[in-house]
Amino acid sequence: SPPPPPPLSPGPRSGYITVGYRGSSTIGRDCQADAKFRRVARITVCGKTALAKEVFGETLNESRDPDRPPERYTSRYYLKFNFLEQAFDLLAEAGFHMLACSSTGTCAYASDQGEDKIWTSYTEYVFSRG
Amino acid sequence: SPPPPPPLSPGPRSGYITVGYRGSSTIGRDCQADAKFRRVARITVCGKTALAKEVFGETLNESRDPDRPPERYTSRYYLKFNFLEQAFDLLAEAGFHMLACSSTGTCAYASDQGEDKIWTSYTEYVFSRG
Amino acid sequence: SPPPPPPLSPGPRSGYITVGYRGSSTIGRDCQADAKFRRVARITVCGKTALAKEVFGETLNESRDPDRPPERYTSRYYLKFNFLEQAFDLLAEAGFHMLACSSTGTCAYASDQGEDKIWTSYTEYVFSRG
Amino acid sequence: SPPPPPPLSPGPRSGYITVGYRGSSTIGRDCQADAKFRRVARITVCGKTALAKEVFGETLNESRDPDRPPERYTSRYYLKFNFLEQAFDLLAEAGFHMLACSSTGTCAYASDQGEDKIWTSYTEYVFSRG
Amino acid sequence: SPPPPPPLSPGPRSGYITVGYRGSSTIGRDCQADAKFRRVARITVCGKTALAKEVFGETLNESRDPDRPPERYTSRYYLKFNFLEQAFDLLAEAGFHMLACSSTGTCAYASDQGEDKIWTSYTEYVFSRG
């Protein structure tokens with residue numbers, strides 16, 4: 001008789017993955033002209049490396065934390081695209097659902113001339129499966 | 001025999017849509033007189049373009065990201081109305097439910113005369129279907 | 001035979017209602033003496049006007065957005081009481097449940113004498129039914 | 001035959017309770033040495049007074065809002081202990097579950113000598129039953 | 001006949017555990033060069049001591065709140081590792097699920113030379129079981 005089929009996934013099934021981004025924008029006197037749209041410079045991925053690779057595949061950039069064993073955790077992966085909803089959809093296709101999100105921000109710098117303020121924020125979205 | 005009926009939706013059924021707004025208000029010495037009501041200048045829509053069009057239809061303004069293929073993602077659509085709950089209700093009618101929301105804010109500018117501060121915030125609401 | 005009974009609700013059953021408040025407090029050198037309790041100056045109500053009226057009834061103040069048709073949306077209603085949990089309980093009695101909340105805050109003003117800072121915040125709670 | 005047993009609870013069964021705390025900390029040049037642990041000076045309790053008394057019993061301090069009728073609301077009760085999870089566990093034992101939490105913070109004061117900043121925050125956790 | 005099996009857990013089954021971290025980063029003119037990745041210096045653990053020990057075992061550092069009885073609460077435990085998702089996964093393995101998270105942040109210090117700002121934030125994740 002044939003051998004039993006392999007398990008559906010060779011890696012762990014359950015776990016948490018957090019995706020986030022750090023935004024920044026310069027706000028000066030022309031604040032009113034500031035574009036109103038969300039700006040995502042880079043989507044970071046935190047969690048077990050095997051899960052991140054399973055979910056994001058070729059769209060995952062591991063260059064900032066290379067050669068990480070599959071059972072280890074990372075907080076230095078990021079994605080090759082910048083659309084958060086694309087990341088959410090890939091997570092949903094892999095069976096993950098969003099549990100919570102949070103955001104924190106502050107103004108970071110005021111030049112002597114009072115012209116510029118840089119507003120940085122960090123927003124993250126926590127997903128789990130299983 | 002008749003052909004089988006077409007699928008219920010020509011586009012993807014599942015996915016994430018995020019709606020958000022960036023608020024700003026000038027706060028000076030007359031802070032106490034500042035109106036207490038929420039001010040939404042523009043509701044932005046992020047996600048797969050086909051989903052956004054399905055949900056918001058004629059109320060969607062695509063002028064800042066035109067000619068986007070249906071399977072691509074956008075973060076530059078916005079709505080022609082300014083009531084968040086109207087957007088939520090349209091999302092609910094299309095089968096989406098809210099998963100989470102987050103908000104971040106900071107003061108952005110102080111003039112030399114100390115008269116004005118501009119407080120900007122960004123609040124977003126994450127929805128999914130399927 | 002008697003006519004059939006009217007539908008349970010003359011208005012729409014499903015929908016979103018958001019309640020929120022903008023807080024402010026003066027923080028000076030006597031910060032340690034500042035009371036620790038939540039201060040809610042005014043609870044605002046956003047959503048479809050018919051839903052808001054159904055939920056809050058006589059406790060709803062419509063003076064800032066009068067004569068609004070029942071199918072229109074408002075963000076300028078507010079409540080005649082200042083206890084958030086009373087608003088939550090009225091929403092629960094009408095079949096609404098809380099989905100999410102978010103909060104954002106910043107310091108708003110520094111006088112020349114450096115005595116005072118006014119801290120403003122905006123917190124909102126999103127409810128839905130159906 | 002004997003009379004039917006009284007209802008399980010003499011007070012209302014359903015309702016919302018919000019617990020929160022206002023934190024503050026002085027942050028100077030020795031910021032790096034600042035302890036990393038959460039500091040909760042006082043846990044406040046908001047909601048219907050009968051519910052708060054049922055859940056927290058002897059651990060409730062009502063001195064800032066005494067003689068409140070059971071069907072009235074309060075935002076000035078607080079707890080005699082300072083562990084948030086102890087409050088959460090008492091709420092869970094009484095059948096309440098957490099719906100959402102939010103947090104807001106800002107720096108509140110800079111002395112002329114630039115030595116001190118006081119960071120205040122307000123964090124709250126919303127629970128419901130029924 | 002054999003003795004009855006012991007209860008599934010010698011300690012309490014239900015309860016809340018909150019994990020959090022206080023982040024800080026120096027933001028100067030080179031803000032653009034600032035790394036985009038989440039930095040977690042220390043993960044703190046709050047809740048009943050017996051639950052924390054059951055979930056985190058050998059990875060729990062109790063040195064800042066030693067000799068705490070099992071039924072008491074602590075807010076001064078922390079973890080020996082710095083990956084939030086590893087903490088989330090351990091909590092999930094013990095039957096806990098995330099209920100909510102919140103985050104608050106502010107700029108904390110500006111030197112006289114205007115070179116540095118230290119941005120501190122506190123983010124926490126609330127879990128429960130049972």
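A pocket is an open set of points, on a 1 Å grid over the protein atoms alone, with protein on both sides within 12 Å along at least five of seven lines, where a 1.4 Å probe fits; its lining residues have an atom within 4 Å of a point. Its volume is the space filled by probe spheres set on the points, which are joined across faces, edges and corners.

This is a predicted model, in which local features need pLDDT of at least 70 and side-chain atom pairs count only at pLDDT 80 or more, while totals for chains, interfaces and linings use all residues. Residues are numbered from 1 along each chain as its sequence is written, chains are lettered from A and ligands numbered from 1 in the order in which they are written, and side-chain values use heavy atoms, with hydrogens and water left out.

**View 1. The second largest pocket draws on five strands, one each from chains A, B, C, D and E.**
The second largest pocket holds about 430 Å³ of space. Its lining counts 30 residues. Nearest its centre lie C101(C), A100(D), C101(D), A100(E) and C101(E). Strand β5 (97-110) of chain A gives at least two residues to the lining. So do β5 (97-110) of chain B, β5 (97-110) of chain C, β5 (97-110) of chain D and β5 (97-110) of chain E. What classes of residue make up this lining? There are 18 nonpolar and twelve polar residues, and no charged ones. Here Ala, Val, Leu, Ile, Met, Phe, Trp, Tyr, Cys and Pro are nonpolar, Asp, Glu, Lys and Arg are charged, and the others, Gly among them, are polar.

**View 2. Chain A has two helices and six strands.**
Helices (H or I, at least four residues) and strands (E, at least two) are DSSP runs, numbered from the N terminus. Follow chain A along its sequence and the pattern is β-β-α-β-β-α-β-β. Chain A has 130 residues, and 58% of them are buried. Buried means under 20% relative accessible area, exposed over 50%, and partly exposed in between (1.4 Å probe, protein chains only).

**View 3. Strand β4 of chain A pairs with β2(A) and with β3(A).**
Two strands pair if DSSP finds at least two bridges between them. Strand β4 (residues 73-79) of chain A is mostly covered, with six of its seven residues buried. It pairs with β2 (residues 43-48) of chain A in the antiparallel sense, over four bridges. T44(A) stands opposite Y78(A) of β4(A). Strand β3 (residues 60-61) of chain A also pairs with β4(A) in the antiparallel sense, over two bridges. Which residue of β4(A) is the bridge partner of L60(A)? It is L79(A).

**View 4. In chain B, strand β2 is largely enclosed by the rest of the structure.**
Strand β2 (residues 44-48) of chain B has five of its five residues buried, so the rest of the structure largely encloses this strand. One buried residue is C46(B), at 1% relative accessible area. β2(B) pairs with β4 (residues 73-79) of chain B in the antiparallel sense, over four bridges. V45(B) has Y77(B) of β4(B) as its bridge partner. In chain C, C46(C) is likewise buried, at 1% relative accessibility. How many disulfides are there over all chains? The count is zero, taking a disulfide as a pair of cysteine sulfur atoms within 2.5 Å.

**View 5. Helix α1 is shown in chain B and in chain D.**
Six of the eight residues of α1 (residues 49-56) of chain B are buried, leaving this helix mostly covered. They are T49(B), A50(B), L51(B), A52(B), V55(B) and F56(B). In α1 (residues 49-56) of chain D, the buried residues are T49(D), L51(D), A52(D), V55(D) and F56(D). These residues cover an arc of only 160° around the axis, which puts them on the same side of α1(D). The arc is that of the directions from the helix axis to the C-beta atoms. An α-helix has 3.6 residues a turn, so residues three or four places apart point the same way. Just after α1(B), G57(B) takes a positive phi of about 50°. Just after α1(D), G57(D) has a positive phi of about 50°.

**View 6. Helix α2 of chain C has buried residues along its run.**
Helix α2 covers residues 84-93 of chain C. L84(C), E85(C), A87(C), F88(C), D89(C) and L91(C) are buried there. Just after α2(C) comes G95(C), with a positive phi of about 95°.

**View 7. D67(D) and D67(E) have a positive phi without being glycines.**
Most residues other than glycine have a negative phi. D67(D) has a positive phi of about 60°. Where is D67(D) found? It sits in the loop between β3 (60-61) and β4 (73-79) of chain D. D67(D) is exposed, at 76% relative accessibility. D67(E) also has a positive phi of about 60°. It lies in the loop between β3 (60-61) and β4 (73-79) of chain E. Is D67(E) buried or exposed? At 77% relative accessibility, D67(E) is exposed.
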